[in-house]
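User: I'd like to learn how to read a few features of a model. Could you walk me through them?

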Amino acid sequence: MTASDFWAEGEPVVDKAAPDGPVETRWERRKFSAKLVNPANRRKLTVIVVGTGLAGGSAAATLAEAGYKVKSYCYQDSPRRAHSIAAQGGINAAKNYRNDGDSVYRLFYDTVKGGDFRARESNVYRLAQVSVNIIDQCVAQGVPFAREYGGLLDNRSFGGTQVSRTFYARGQTGQQLLLGAYQALERQIGLGNVEMNTRHEMLELIIVDGKARGIVVRDMITGEITTEFADAVVLASGGYGNVFFLSTNAKGCNVTATWRAHRKGALFANPCYTQIHPTCIPESGSHQSKLTLMSESLRNDGRVWVPKDAKDCQKPAGEIAEEDRDYYLERIYPSFGNLVPRDIASRAAKNVCDEGRGVGPGGLGVYLDFADAIKRLGRKAVEAKYGNLFEMYERITGEDPYETPMRIYPAVHYTMGGLWVDYDLQSTIPGLFVIGEANFSDHGANRLGASALMQGLADGYFVLPNTISNYLAAGPFPAVSAGDAPVVEARKQVEDRIAKFLSIDGDRTVDSFHRELGQIMWEYCGMERSEEGLTKAIGLIRALKEEFWTRVKVPGKGEELNQNLEKAGRVADFIELGELMCIDALHRRESCGGHFRAESQTPDGEALRHDDEFSYAAAWEYFGADGKPVLHKEDLNFEYVHPSTRSYK
Amino acid sequence: MDIKVRVWRQAGPSAAGKMVTYDVKGISPDASFLEMIDVLNETLILNGDDPIAFDHDCREGICGMCSMVINGVAHGPEKATTTCQLHMRKFKDGDVIDVEPWRAAAFPVIKDLVVDRTPLDKIIQAGGYITAPTGTAPDAHATPVPKKDADAAFEAATCIGCGACVAACPNGSSMLFTAAKIAHLGLMPQGQPERDSRVIDMLQAQDDAGFGGCTNAGECTTVCPKGIPMSLIGRLNSDYRKAISKR
């Protein structure tokens, strides 16, 4: 498909900061060629950092340690609550402490392959290189990683790799890493080097003379709108999985910071790349507000099945005879069985449920059965391995997984797309840097387990602090004041929008629109997409958008704590993003990474990638609420890891 | 299930508050407590009433944002469980459930069930860290940490900073919160150089932020969603005595 009714095609986008030459020395050479800011001048430069998760928290702390003045913002009541806190599994690093053949090159190789050849080699190599420094840094901060009896660090293995390179702190690795970054940040706040603004939400980007120079924020307690200025702006505002309404993201996670920047000119890359995790606790009814992930490790011992006959779905699991059960993963993928990659397990679950063979409320679930494992290993051994997960499952569902099989269903978990950035992590707006899940840079079309924490901390501790100096070396930039025309305009955009939300006074709640958007996205822009479905979805989203702006009801005032007003702004942006995601998915007529395109499959129904046509990152330019987005392609070149086909049969 | 909730409504920090009763009908026993409030809020909005403001975020028991006193107990009746992980099946049809904000001198109410917990961050700022600027770290294996110390440090570090301990304490003390951080960092070899100054500075910050003193009432640990034990307060006191005696 070429440019169409839905989009136009523009000039390719080129990463001008990308070094060439041997991949092993690219980062070293970029650091050497980057301009520096001498320590005495750093205190004259201010950097705004939006978000305090692994990327934003570590960046704010590190920039302040280096001597820059930092202003940090988060919507939560404390920087410690950012959603990185919920990451369970672990963090990858190429330490090769197991002596099992790991290396920087192997982590690089696995990550490029895991991303299904849709990520930049230069970025991924750098990520693998700094991974080792992350572990050193976190240990020095006192992060209590799991250890062996000799006192050295323990490792576990994770999906998609053949080495043990994942460092972990029980099932709470994200929490412990975030607390490390948070404590470093609080130290800088205490020293007066970081001005921390909790319960503040960025609602607009301020661009002066073509450079990102500040943000418009709303104090979520008083409703006061202020304009904040700096020499550079860093967005570390996380992913956009909540466009699906139900996801494993925290309720407050939103796309507003990056979407506002996109509307002001920053390209948004690969928005349709989302990761869907196969082992989540299914919905229990229409009240469902979020989904909870359970560690993928459960698939090591649990067997996935549904009844062969849809008529059996209403029966209790125990009454379904062995021969009437379909262990469909073991049947379709005999060599990998229940351990097929995330995307394959997720899609297979949806397929059997679409056939009417799903179990539990609404038929949206499959069994994950530990009966065989309990028989083989004994209940004690199963308890030792998975006790905390079983407990969590029972708390949420009220069912005992030792007695009845667990029910699981896929849920949106992570978004690989985000604002386009160059090798320096700078967006297409000079002075606007984007780090962590908010950018698109390192995971391609699918992210490996235990790589999100690695990327967030790599960007925040080691990459951004080294690249931003190249930009800041030209500063301090001319002072900006509240009376400058672009500032007045940005502020007015925010105030007008809030006034508009409050004036509609319709008959539908914000949540009802969010739920409806989520259902459209899940149905048509989830695990499996088709031209017909996506075209339909775009129409539905456009209609929903019109309805939102005429029928939404936002209670209360602007000048107070108003949680529905906060949500209204986020949902309005999610609706626009949802449309772009569908357009991006429509244009990418290939199955790739976590995405299955119905029209692009092998004769036996497996994903078929089209490297000849789609070996590029799709970076979209905003052209007005009713205009067509313009596609700018960034060609991907693979000099080291040559594209190959995955097979799990 | 049909239930009634009596909820603390307070328009702003200086406004007077009161308990207001609402009927919630047809709620699923599988709904979480916060989902029950969501459902109630949807009705309130459509009826033209002000929905109930409450803090929440991850809804999986780890971010520490949710904070409701339910029937007089911080985080409600289920042991070692945050409000967001409490489900309606723990209640009975026809129950009348009281819902209040954290109440402590150091946590002023902002609106309804939302309180200001920034004083907890102030305690961390005073010393709840190990000074290790980015880039200065030696190899991670340079200093082995005995497994039992690492495990004990981890247990203390699982504190989610929700403030339930403060809400439950008759003195409004944050001692359990502070003690958990002192234990986490004090159990690691990396935390030794700042061990003495840390405990003195954090306790000072705790007093300055308006938290009460600890009288070993033990209410904190009974409501702690992560089961942080009282013994850590003993450890803090011991660290404090040693630190002060060196001054």
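**Reading the sheet, a helix pair and the interface**

Analyst: Let's begin with a sheet in chain A: five strands run in the order E1-E22-E21-E11-E17, the sheet is open, and the pairing is mixed. Keep in mind that this is a predicted model.

User: Which strands stand at the edges of the sheet?

Analyst: Those are E1 (8–9) and E17 (418–419) of chain A; each has a single partner strand, so one side of each has no neighbour in the sheet. E1(A) pairs with E22 (residues 630–635) of chain A in the parallel sense, over two bridges. Look there for A:Glu9, which sits opposite A:Leu631 of E22(A).

User: And how do I read two packed helices?

Analyst: You describe them by the angle between their axes and the distance between the axes. Here, H14 (residues 510–524) and H15 (residues 531–551) of chain A pack at about 170°, with axes 9 Å apart. Angles over 145 degrees count as roughly antiparallel, so that is what H14(A) is to H15(A).

User: What kinds of residues make up the contact of H14(A) with H15(A)?

Analyst: Ten are nonpolar, one is polar and two are charged. Among them are A:Phe513 and A:Leu517 from H14(A), and A:Leu540 and A:Phe548 from H15(A).

User: How about an interface between chains?

Analyst: Its size is often given as the accessible area lost when the parts come together. For this pair we can count residues: 65 of chain B are in contact with 60 of chain A. On the chain B side, H1(B) gives the largest share, seven residues. By class, that side has 32 nonpolar, 18 polar and 15 charged residues.

Key:
Residues are numbered from 1 along each chain as its sequence is written. Chains are lettered from A and ligands numbered from 1 in the order in which they are written. This is a predicted model: local features need pLDDT of at least 70, side-chain atom pairs count only at pLDDT 80 or more; totals for chains, interfaces and linings use all residues. Two residues are in contact if their C-beta atoms, placed from the backbone, lie within 7 Å. Helices (H or I, at least four residues) and strands (E, at least two) are DSSP runs, numbered from the N terminus. Ala, Val, Leu, Ile, Met, Phe, Trp, Tyr, Cys and Pro count as nonpolar, Asp, Glu, Lys and Arg as charged, and the others, Gly among them, as polar. Axes are lines fitted to C-alpha atoms, for helices over the stretch in contact, and angles run from 0 to 180 degrees between N-to-C directions. Angles under 35 degrees count as roughly parallel, over 145 as roughly antiparallel, 65 to 115 as roughly perpendicular and the rest as oblique. Two strands pair if DSSP finds at least two bridges between them.
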